[in-house]
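Hi,

Here is the structure I promised to pass on to you. Have a look first, and then read on for what turned up.

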There are 4 protein chains.
Amino acid sequence: MVLRTGEEYVNAIKHRNKVEIYVMGNEVNDVTEHPFLKPSILAFKATYDAAYEEDSKHLARAWSVFVNDEVNRFTHIHRSPEDLAYKIKLLRKLSHKTGACFQRCVGWDALNTLYVTTKLIAEKGKKDYYERFIEYLKYVQKNDIALAGAMTDVKGVRTLKPHEQPHAYLRVTEVTKDGIYVSGAKANITGIAAAEEVIVMPTRAMSEKDQEFAVAFSTPLDTEGIKVIVGRQINDGRRMENGEIDGLPYRSNHEGLIVFDNVFIPMERVFMLKDWQMSGILVEIFSAYHRQGYGGCKSGLGDVIIGAAYNLAKQIGVEKAPHIQNKLTEMVLLNENMYGTGMAASLDAIKLCEDGCWWVNPMFANITKQLVTRFPYEITKLSTDIAGGIIGTAPSEWDLKNPKLRQLIEKYLQGIMDYSTEERLRIVRLLENVSFSVAFLIESVHGAGSPEAQRIVINRIYDYDYAEKIAKYLANIEKSINFKENAEPWKKTDTEKIGKQEK
Amino acid sequence: MVLRTGEEYVNAIKHRNKVEIYVMGNEVNDVTEHPFLKPSILAFKATYDAAYEEDSKHLARAWSVFVNDEVNRFTHIHRSPEDLAYKIKLLRKLSHKTGACFQRCVGWDALNTLYVTTKLIAEKGKKDYYERFIEYLKYVQKNDIALAGAMTDVKGVRTLKPHEQPHAYLRVTEVTKDGIYVSGAKANITGIAAAEEVIVMPTRAMSEKDQEFAVAFSTPLDTEGIKVIVGRQINDGRRMENGEIDGLPYRSNHEGLIVFDNVFIPMERVFMLKDWQMSGILVEIFSAYHRQGYGGCKSGLGDVIIGAAYNLAKQIGVEKAPHIQNKLTEMVLLNENMYGTGMAASLDAIKLCEDGCWWVNPMFANITKQLVTRFPYEITKLSTDIAGGIIGTAPSEWDLKNPKLRQLIEKYLQGIMDYSTEERLRIVRLLENVSFSVAFLIESVHGAGSPEAQRIVINRIYDYDYAEKIAKYLANIEKSINFKENAEPWKKTDTEKIGKQEK
Amino acid sequence: MVLRTGEEYVNAIKHRNKVEIYVMGNEVNDVTEHPFLKPSILAFKATYDAAYEEDSKHLARAWSVFVNDEVNRFTHIHRSPEDLAYKIKLLRKLSHKTGACFQRCVGWDALNTLYVTTKLIAEKGKKDYYERFIEYLKYVQKNDIALAGAMTDVKGVRTLKPHEQPHAYLRVTEVTKDGIYVSGAKANITGIAAAEEVIVMPTRAMSEKDQEFAVAFSTPLDTEGIKVIVGRQINDGRRMENGEIDGLPYRSNHEGLIVFDNVFIPMERVFMLKDWQMSGILVEIFSAYHRQGYGGCKSGLGDVIIGAAYNLAKQIGVEKAPHIQNKLTEMVLLNENMYGTGMAASLDAIKLCEDGCWWVNPMFANITKQLVTRFPYEITKLSTDIAGGIIGTAPSEWDLKNPKLRQLIEKYLQGIMDYSTEERLRIVRLLENVSFSVAFLIESVHGAGSPEAQRIVINRIYDYDYAEKIAKYLANIEKSINFKENAEPWKKTDTEKIGKQEK
Amino acid sequence: MVLRTGEEYVNAIKHRNKVEIYVMGNEVNDVTEHPFLKPSILAFKATYDAAYEEDSKHLARAWSVFVNDEVNRFTHIHRSPEDLAYKIKLLRKLSHKTGACFQRCVGWDALNTLYVTTKLIAEKGKKDYYERFIEYLKYVQKNDIALAGAMTDVKGVRTLKPHEQPHAYLRVTEVTKDGIYVSGAKANITGIAAAEEVIVMPTRAMSEKDQEFAVAFSTPLDTEGIKVIVGRQINDGRRMENGEIDGLPYRSNHEGLIVFDNVFIPMERVFMLKDWQMSGILVEIFSAYHRQGYGGCKSGLGDVIIGAAYNLAKQIGVEKAPHIQNKLTEMVLLNENMYGTGMAASLDAIKLCEDGCWWVNPMFANITKQLVTRFPYEITKLSTDIAGGIIGTAPSEWDLKNPKLRQLIEKYLQGIMDYSTEERLRIVRLLENVSFSVAFLIESVHGAGSPEAQRIVINRIYDYDYAEKIAKYLANIEKSINFKENAEPWKKTDTEKIGKQEK
């Protein structure tokens, strides 16, 4: 049995070797107790607890053929379309349990990406990476490791290539018999301070000149030469107030910059080294996995927002008003649209290698993410509308705790008698903190690739020339036509196609 | 082998007994030759040909356990989620083959609806309907019958119930030992003049007072007492010109009003009789099946429009312009979003009875249709944008056929030399006729229920109270929560739920 | 008194010299009686009648300082912001009177464009054009001439310039002492067969190599060498049926291709000749005038559609349903947004020359048109939704005129008793013909420049660098800032700016 | 000369009598120095400074016929459509100067509302209110008083009327010869802690039973019995950090709850007392004034966001990428659409009383606000897209100030060399704080009435019956029609119409 409890995870983080982590200019002593980071730890922890909770363990556990044991699904390699569907079901549920980004998906998607990529490389004859990776996978599964994944380089000037601005992309500086040395930084790394290890991957397709940037590996956070600077988030100032309502201290998330200063990576943790031709393939495989996932976690946050808005409408007696019902329905529609295309990406999956590398349907995965770049802002707007002006003007919890003011607040902010004013304020703060969060808004736009990146893939997959042929046939310009066997006018998505570079 | 060829279908229609069908005020002699209706016959015919064409027979054939033979899928009872996915794949492909609504889906969805409904009634003890229906199903499958389905009553004043305005709903006027007599009319009946038989179903949930309107049956079109008045469609005037371009005479579709004047239905064709409690259930089952289907056929028409717009952009050399690429991508996004949710409705299907009644996922099916009520107008707008003003100002084919004018048209409407001016005009007319068609626009809004009907179902399925509980838990108002086993905050969709009336 | 009656206009058209006009392959004998063109004549006629009708003459008449008399506003040079507001008020009202595009705006906008452009050229010292134009203006005003305007060249391959494909742009082939000879064609010309004269303008900015294409002039339609090929429109086949309902024969519009085969233009009608530097300026001035106008005429058609949808909702008793009210309100919102920005373009006008050339506000005019490229499709969708499926399936007028069928139709399509079934069908046909018309949809997208053209202008007018400075100041990067005197961060729009080429 | 400087305003606030103001649970000693409130004072101050700054004094000053002197426009009674246009120009410019809501508009709109309302009451014979108000107006203008306006009651259960839940609406508890006593609370009061006086108005139309709630008056903040509880805002926790970048401490705004505990108002400051019939009229007049204003201030904030996004695009070298250009153009389009309808509401104003009460055009004012409830979320989304992930993950200013980290941040967050990393972070924080602010998002939805309130007015103004008549005329159902003189199918908006209650 290799399933850690949440508590075991927290203890592991608490007692690991010192990692150099900075928050708001100061080095953090204990991330599990720091007011800025503790909520992240609690959200990450939920991914472990889920494997033991009755309502979620059927989703959170999976059988690993690699270790012949039940493992936490967050370390599982997908073996079927159903596995992919379980993934987004699990994510939706964990959003319900946390109200936040629980930060363990990138590492999970990285595992699956490396599994497929090293397998594809192995099929071409180079088996080392695959063998190393399988060993690493077993280690991760057996120890239920908390992984982060790091893809996004800092990129500098977007019109320059890696070799034209080496500091802007993480790179290999030296290769020895035993391992490699890497330097550079990765940005926007979700949950980095709450992870035990990080899997590092290249951020884009590469040319031969960029080969030193085509590197994938894993490393513990407490390796020498690593520094983490945690980034700010909307409303984060409140976390430092040590309150219990306004800053929503229970569970949250963070993202950060991780800097590698000549860090040594032993060879058994190197999964790609200067294979520049495979870099784009790896990125595309990862992106699609990650884009699919957003159909689960973001719709889960959408549920939280819908529930909060509905509660606020009830508190003032308007939940049955037709325009409120209409707006709630619209929120559900948008939310289930994200989830539904995520389900399509899962259940209409693609088998990439013989013994079962299941990859998400890339068209639907990209559609899912593209919707996710749009709908959360709309859902937030609708929730603001339903919530009323109070979402922007409510008194603080400190006012509520001042007995003189509490009396006034209770008198004047009372709605339907079934609800206390404190409940009203708590839900207002929940809604404010979730609907205007980095996790629901900014991450939805930029996580797993900015909106334009999905459009490029969608545009590439669709076979316009075939659609044109259909049009010519129907307009009687061509008397006959070779219809594809597939109903969809998509290009064949095989490993050769996957690798095309996103420009 | 019970698979008819297209030709066999056309001959059957040609040689059936006289049916009283009117087009533009006149009775039609031979629907297979009438310029208004022939394109409908050709589109319907494509559903038969598909079972013999190499590129589609894997989609268009299915194995029936009822007749132990291969049947045309349009008569098939879905036995798995994959069957449901094959349905929308088949529909997408047939849209490519016809550029029209091929009109055979309503009858198909009616078969599946009656299968499930009579089965559910049988499970409650009343087995007659189910037994009769199975016999009828075998007859349909063995003879590969061309079916229409008739649900929508004329409805009169929407605020009155059936028993308050009996003429507005089709009703049973007499019941004898051998059968029943029915009178009334059904409106908006797709492909009615091209079908051999029609399956009639009630249009809404009923109360006890409305029981005489709760009736389902099938009947050949050539039964005494039936009249059909075919409705007009956008641009239909051109069909009567006997041209070959402007009216797009190859394949099209029609809808009509069918009137029943004291028509006798033998008891073995009666599948529901005054079971008012089951009327709403039947409607809901049908609606979801039909709403799912739109994810296939409308995305197929979307492909035609995308292909035509792309061709027109190429003809004038602008297909690579960033704003054109952006608009094409947006069209694909909208189109695949409709299709993707349709796939989710299929692959995440629900088993409604023990030995396998597979029903579409009702949340996703309703989302699919709701998207279909919105996106085609947007796709049409984008295609107008890409096509250029010529879509509204191009000369007629009659101008092209006037040698003096042809010379001018060829001179002045020439774009890139690879394309002839005739090709340009043909594609312009294809795009005009498809993008501004009843099939793509109006049917997308109102077919399978008007937009508000889907919103009511979506609103009903979603469990707002559960979402509220999640919010209260996350805001620390409730310290614990009973999470559902399912990740989705949906109400359980069982046969009891299905039956709730759409108001 | 120089105000013609509508009848006088029709007679003038009827009795002019023979013009070579083709409709559906055949030459037209009398445009005022041809079933395809008569509705256009009747819509054009409404612009004359308006000057005599009590409810509109305050809008349709204006005082001309050039002829010192009251003239039809469609020949008036705007002398104030209020004049510009009267323009769009008049257009909105005429849409109410016709339900169509009345086709006289392009000629009007051409007059104002030539007035401003020749004036600007005169201010630089070249006074001939201005003097000729004023003479022509007086002639037009005194005789209340029916003008068309022709700008759009056929353009061929969009990536080639005029001199690279001379046949694709109208050009001067010879210049003599007395006049010029021109050849080529202009496409998408609104109302061309219903006009007495046409003002021809260049279609884009030109380089020196393109100077022979930089030509503006006017000519009567009955000049030798001119041919007109009238284009098809959605639903036009019905016009030929000689019915009174389905084809909406009362008033309509048309667009066509006008071909010039070595046509002689006397010098006193030439208003620009090889002044390639002014070509872009002329286009920009015209475009903004024409884009503003759409705020009037399209919102007027929107009113017709709203009224028709509202009527159909009332006929079946649902006009008070919250979702219907919501959709009606949305239609009004979209409609008044188009009109409101048109009003802003008018009342916040710009004075371009000393003695009062009033030009519309180019930012607001372009915003107006950009909205017009989007909202009509949305309004049409909402009207389809409210109207119900009948909009795509209603019987023809020929069915209604068949006594046997009329009885059935009256029985089964009856709604609320206050309305006859014939009224229902008439409103259905009105809505179908207007909401799916070239005038409301396609012309809204492409008339006065395709959507991208407005975006280019909006992007050019807005001063991003200034907005950036504001941001830097507010972020305390710059301690001080030179604010513009104007509140809007727009570039100065003067005659020098106007001339920049739209690429 | 009655124009205060900004400094004079700050001093007046600093030295007024003690007002009981609470922020985050604690009473505030000096609002001008409190880190939470000082930014509000600075934004308010900008309205005074504007009257002395060269680039704005032409907008910020106006001539008062009441005091025969130049006054700050924020105390001015609009005397013409141009005055109304100056209002929104001034607001747009002040958004540029502050990047915030400067909080002085509600008081200004209250002045204009009371001017019109008391005038209308005076015309019916009751002149006291008008006379008192004019005296008060002179006092305000001569002393350039900083006014807040308080309309929104706390409302409790929305389905109950004021007399059914008296604590939920501010009310008159006693009337004496010298004045009145009032109790209750007003919520969401913009800038309340930064104002010297507050004008209180009723929040809705009233019935006779609600007459004690129909009261309007003004009072200094330092009157006995008044308490203010300042509400929280997104990101407000950062204001307490005493930093100079992350919390954007320069200028901001606040809203709060003001409580009246048996407060005495002398009769010369009472402008409406139990005139329940006029309560709805007052609300409608105020709402339209305030809705128009949003066209100015929100488009001004839009400029700031566009400028910041543009800067960030330039910093990484992508500002010319077509998709970035397209998104920038879309932001401008949305922004200018809000402003343009605001201009139409101004320049197409309505004269409500003989000697010149100029009211905004209510259709366009409501359209303006309705757009403002939608577009800011879209503009924010587009700016997030352009800005990149850094908007949600950037290090804090405290990291930048840590020399060890500064070096890393400068290395890894550097883009184009022209820009320093500190500039990048400053602009990121500006964008984050403005684009995710209460002022730009929540206030845009709920300020001046929630979205549904505008829809009700739009729906009421539009004359559907007239539109229906037009449709019937055009469908030839009616042979003639009485067209309105006005081109717009709007109901006459006069004082009688104004008063209809918003339900």
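**The A–B contact**

Between the two chains, 58 residues of chain A meet 57 residues of chain B, where contact means that C-beta atoms placed from the backbone lie within 7 Å. Please keep in mind that this is a predicted model, in which local features need pLDDT of at least 70, side-chain atom pairs count only at pLDDT 80 or more, and totals for chains, interfaces and linings use all residues. Residues are numbered from 1 along each chain as its sequence is written, with chains lettered from A and ligands numbered from 1 in the order in which they are written.

On the chain B side, several helices each supply at least two residues, among them H4 (81-98), H7 (276-315) and H16 (464-474); helices here are DSSP runs of H or I, at least four residues, numbered from the N terminus. H8(B) gives the largest share, twelve residues.

**Chains A and D**

Chain A superposes on chain D by a rotation of 180° with 0.0 Å of shift along the axis, at RMSD 0.0 Å (least squares on C-alpha atoms of residues with pLDDT of at least 70 in both). The two copies are thus related as by a two-fold rotation axis.

**Helix H7 of chain C**

H7(C) bends by about 30° at Tyr294(C), taken as the angle between axes fitted to the seven residues ending there and the seven starting there. Just after H7(C), Gly317(C) has a positive phi of about 80°.

Happy browsing!
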